[in-house]
Amino acid sequence: MITMQAYQKVKNKLLEYKKNLSCVNCGLEDHRVIEFHHLKDKKYTVSRMPAKGYCWKTIKEEIDKCIPLCCNCHRILHFEESISLKTE
């Protein structure tokens with residue numbers, strides 16, 4: 001089980017990391033709405049990793065498989081992907 005101190009440390013590191021990101025689609029620079037969209041080999045959901053006790057190194061390895069998107073662009077992308085799968 002992860003300690004609250006360890007959880008807070010990793011969560012804060014992730015928050016600070018997100019402060020330097022912007023949405024690759026629309027350019028929004030608000031860390032509160034930045035999410036990670038996997039381009040390949042998704043193993044974990046990045047936002048859930050701190051609470052599950054993963055260390056920063058493992059979280060960063062997962063982030064490296066992703067692009068940053070704001071929550072709106074992320075939802076739109078997944079919606080469009082689902083539509084294209086239905087029409088194939």
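This is a predicted model: local features need pLDDT of at least 70, side-chain atom pairs count only at pLDDT 80 or more; totals for chains, interfaces and linings use all residues.
Figure 1. On a 1 Å grid over the protein atoms alone, a pocket is an open set of points where a 1.4 Å probe fits, with protein on both sides within 12 Å along at least five of seven lines, and its volume is the space filled by probe spheres set on the points, which are joined across faces, edges and corners. Residues are numbered from 1 along each chain as its sequence is written, and side-chain values use heavy atoms, with hydrogens and water left out.

**Figure 2. The lining of the largest pocket.** Lining residues, those with an atom within 4 Å of a point, number 23 here, and Leu-14, Lys-18, Val-46, Ser-47 and Arg-48 lie nearest the centre of the pocket. Helix H1 (4-18) gives the most, with 7 residues, and strand E1 (34-38) and helix H3 (71-87) each supply at least two.

**Figure 3. The aromatic pair of Tyr-44 and Tyr-54.** The rings of Tyr-44 and Tyr-54 lie 4.5 Å apart, centre to centre, with 50° between their planes, and the pair is tilted (ring centres within 6.5 Å make a pair; planes under 30 degrees apart count as stacked, over 60 as edge-to-face and the rest as tilted). Both residues lie in the loop between E1 and helix H2 (56-63), so the pair ties together parts that are 10 residues apart in sequence.

Technical notes. Helices (H or I, at least four residues) and strands (E, at least two) are DSSP runs, numbered from the N terminus. Rings of Phe, Tyr and Trp (its six-membered ring) pair if their centres lie within 6.5 Å; planes under 30 degrees apart count as stacked, over 60 as edge-to-face and the rest as tilted.
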